[in-house]
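Trainee: I am new to this structure. Please take me through it one question at a time.

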Amino acid sequence: MAAVDKCLASLARLSLLQASRPTTSMVSRCLAPATLVQTRQASVVRIKKGPVKKKSVPKEYKRHNLDKTDFPRFSLVEAMRILRAYEVGQPPASVKYDLAINLKTARNGPVIKSSLRLPHPVGTDWRIAVICKEGSDVAAAASAAGAVAVGEASLFEQILNDNITFDRLLCHEGSEKALQKAGLGRVLGPKGLMPSARMKTIVTDVAKSIRDTAGSADYRERMGVVRLAVGQLGHTAEQLKANISAVLAKIKAECTEISEESHKEIHDVILSTTNGPAVSLSGKMVNEDDAVTAEQLSSAM
């Protein structure tokens, strides 16, 4: 028996020596010692960012040198011939010649904004309203001159209700204070109808102003470009030339007035139609090699 006990004891010692130690995967995380628990932490890489460079904006609008680029430019007669080819079959009264005047000017400089009575009006069907005292002689004169609406309180209420049935709005100088108190700027301002002394829509002689306004054209410089309609498709080359010359003379005069504050001059003049392309004008009436003459453009399409 003693020999058997010794044999069993030796086997027990041998089994204890060969027993493997528990690994981390065999032991629950809640029971394992802290030294056996492996934790992973994300490595943080800090990148030093330098100051963000802002893209510089040119002080003036970009204008190309037309002489160096050999840009095609046409005489007025040739430009009319090209544009009229795109308007074949269109009613002459429904198509207008539009003029775009590119200016060399600063981005943050003063802008040109005014109105002009063309020698040959483009549209004469303007609906004009006049702010004046109701029942006065001024109201009677405005109605006789063709105003579609006259008055103060009644016209103010109509405007505030967004019931605008007119294309132009004039204000008699005697009603200027009433206009300011009415607070119509938020309604009329976005539509370009707010009367102001600068736009010469606060007037003394209402009847004369209505006659002048019926054939006038408003224009405003936007992003260095002045755009306005200068003629109808039925206008002759001489009539269109007279209108364009009047516009350019007015723009040059306004550029000269504000030249002390900011340099501004005409860079390019572009003519287009309602459905046609844009054509750059050379400043000449007709060239020797033009396909048509001014007299041929005077005939109906």
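**Charged pairs, sheet and cysteines**

Mentor: K264 is buried, and E221 is buried too; buried means under 20% relative accessible area, exposed over 50%, and partly exposed in between (1.4 Å probe, protein chains only). This is a predicted model, in which local features need pLDDT of at least 70 and side-chain atom pairs count only at pLDDT 80 or more, while totals for chains, interfaces and linings use all residues. Residues are numbered from 1 along each chain as its sequence is written, and side-chain values use heavy atoms, with hydrogens and water left out.

Trainee: How far apart are the closest N and O atoms of K264 and E221?

Mentor: A salt bridge is a side-chain nitrogen of Lys or Arg within 4 Å of a carboxyl oxygen of Asp or Glu. K264 and E221 form one, and their closest N and O atoms are apart by 3.0 Å.

Trainee: Which residue forms a salt bridge with D162?

Mentor: D162 lies in the loop between helix 4 and strand 5 and is exposed, at 51% relative accessible area. Its phi is near 60°, a positive value in a residue other than glycine. Most residues other than glycine have a negative phi. The salt bridge of D162, with closest N and O atoms 3.8 Å apart, is to K191.

Trainee: What is the order of the strands in the open sheet of 4 strands?

Mentor: Two strands pair if DSSP finds at least two bridges between them. Strand 5 (residues 168-172) and strand 6 run parallel and are joined by 2 bridges. The sheet has parallel pairing and the order 4-3-5-6.

Trainee: Which residue is the bridge partner of C171 in strand 6?

Mentor: Strand 6 (202-203) is an edge strand, as is strand 4 (149-151), and each pairs on one side only. In strand 6, the partner of C171 is I202.

Trainee: How many disulfides does the structure hold?

Mentor: A disulfide is a pair of cysteine sulfur atoms within 2.5 Å. C132 is buried, at 1% relative accessible area. The closest cysteine sulfur to that of C132 is in C171, 8.6 Å away, which is too far for a bond. The number of disulfides in the structure is 0.
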